[in-house]
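Here is my note on the model, as numbered points. Please read it with the structure open.

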Amino acid sequence: MKIHEYQAKALLREFGVPVPNGEVAETPQQAKAIAERLGARVVVKAQVHAGGRGKAGGIKLADDPAGAERAAAAILGMRLKTPQTPSEGILVGKVLVEEASAVERELYLSVTLDRGRSAHVVMASEAGGMEIEEIAAATPEKILREWAHPALGLSDFQARRLAFGLGLAGEQFKQGASLIRNLFALYLAKDCSLAEINPLVVTKDMRVLALDAKLNFDDNALFRHKEVTALRDIHEEDPLDVEASKFGLNYIKLDGNVGCMVNGAGLAMATMDIIKLAGGEPANFLDVGGGASPEQIENAFRILSSDPSVKAVFINVFGGILRCDRLAEGVIAAVKKLGLRLPVVIRMEGTNVELGKKMLAESGLPLTTADDMAEGARKAVALAK
């Protein structure tokens, strides 16, 4: 789950990470009032779940409250388009108005999970303000890394080593080391999957501040954090993603035309690969999970069939906890309730497979069956064309 920059900065503040003073506004008049309270030059920043806002016109400087009002009027209501947004852009409904900082240096800092080492890693770089992927590709030696101990966490000496590597000295060195420890504490306490500050800046009055902030959270841990779940903005998410999450379904929309319904992430990846091998393009990743109920299967089918880009559905299930007869029951109920406007290919294997196939055959519904994944993929791709 993602949250907005202003929400992320509120959490940073709570954990002792310094951020510029600012407030969120939903109208130009509110932006003007905030600028008056701050009493200095301000930055007006579009609040959307995407980076690259500055180049797209989503960040503007204002010298006075009237300028803040004009900047907010220009940004609010615009459809911001960046490399990280859908092609149609994202409608801006809020702006963050915060004091402008006189920046001396821009740095990079983040905490995430290194899956290769099964450990949390803190990454830092003097090349702040850039995409970390660009830094890693062009100058990987500029990225400093410290891996946290599984039980002890991030040690003080590691935070100091990172601060030193960022070129901080004197009072800024102390501020930087403290900030790094506090960011790591936030990352762990809130079950983040990413805590990123880009840029982390040293100001001309020698403060170390988080000028921008991105926090992503592990969906599987949200049950522990009702206060974080309350920050979710469903207007920033694909409507089908939101609908799928209501029923415990893992759904990600893609660009193809073959809808995939599977049980298990590994099988989902293999299914998408075999669709491409058959000359098609998957329209989504939809995992109903190991123990899906007929109701979940019905809702999964409804979500798939409501996507206008889907021209055929490939249901590929290995029956274990989710028995094949339960799958058949859910598919039959969904088709009878929703109607069948798309061709559906079903490949099932595993527990109660013969009973499941018998139920499908006796349903009288025009469903296409396949004996293996390759055959199912070929049939689904052909029907989608």
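1. First, a term. A residue is buried when its relative accessible area is under 20%, exposed when over 50%, and partly exposed in between (1.4 Å probe, protein chains only). By that rule both faces of S2 are covered. Val42, Val44 and Ala46 are buried on one side, and Val43 and Lys45 on the other. In a regular strand, side chains alternate between the two faces of the sheet. Five of the five residues of S2 are buried.

2. Ground rules. This is a predicted model, in which local features need pLDDT of at least 70 and side-chain atom pairs count only at pLDDT 80 or more, while totals for chains, interfaces and linings use all residues. Residues are numbered from 1 along each chain as its sequence is written, and side-chain values use heavy atoms, with hydrogens and water left out. Helices (H or I, at least four residues) and strands (E, at least two) are DSSP runs, numbered from the N terminus.

3. The sheet. Four strands form an open sheet in the order S1-S6-S2-S3, with antiparallel pairing. Strands count as paired if DSSP finds at least two bridges between them. Strand S1 (22–25) and strand S3 (59–62) are at the edges. Each has a single partner strand, so one side of each lacks a neighbour in the sheet. From one strand to the next, the twist averages 20°.

4. Strand pairs. S1 and strand S6 (residues 95–99) run antiparallel, joined by four bridges. Here Ala25 stands opposite Val95 in S6. Five bridges pair S2 with S6, also in the antiparallel sense, and Val43 has Glu98 of S6 as its bridge partner. S2 and S3 are joined by four bridges and run antiparallel. Lys45 faces Ile59 of S3 across that pairing.

5. What packs on the sheet? Helix H2 (residues 28–38) does, touching S1, strand S2 (42–46) and S6. Contact means heavy atoms within 4.5 Å. The direction of H2 makes about 170° with that of S1. Angles run from 0 to 180 degrees between N-to-C directions; axes are lines fitted to C-alpha atoms, for helices over the stretch in contact.

6. A helix pair. Helix H11 (residues 324–338) and helix H12 (residues 353–362) pack at about 20°, and their axes lie 7 Å apart. H11 and H12 are therefore roughly parallel. The cut-offs are under 35 degrees for roughly parallel, over 145 for roughly antiparallel and 65 to 115 for roughly perpendicular, with the rest oblique. Cys324, Asp325, Ala328, Glu329 and Ile332 in H11 meet Val353, Leu355, Gly356, Met359 and Leu360 in H12. By class, this contact has seven nonpolar, one polar and two charged residues. Ala, Val, Leu, Ile, Met, Phe, Trp, Tyr, Cys and Pro count as nonpolar, Asp, Glu, Lys and Arg as charged, and the others, Gly among them, as polar.

7. Asn352 sits between strand S17 (344–350) and H12. Is Asn352 buried or partly exposed? Its relative accessibility is 34%, so Asn352 counts as partly exposed. Leaving aside neighbours within four places in sequence, Asn352 contacts Arg323, Cys324 and Asp325.

8. Helix H8 (residues 239–246). Its buried residues are Leu240, Val242, Glu243 and Ala244. Strand S13 (250–253) and helix H10 (294–305) are among the elements covering them. Just after H8, Gly248 takes a positive phi of about 70°.
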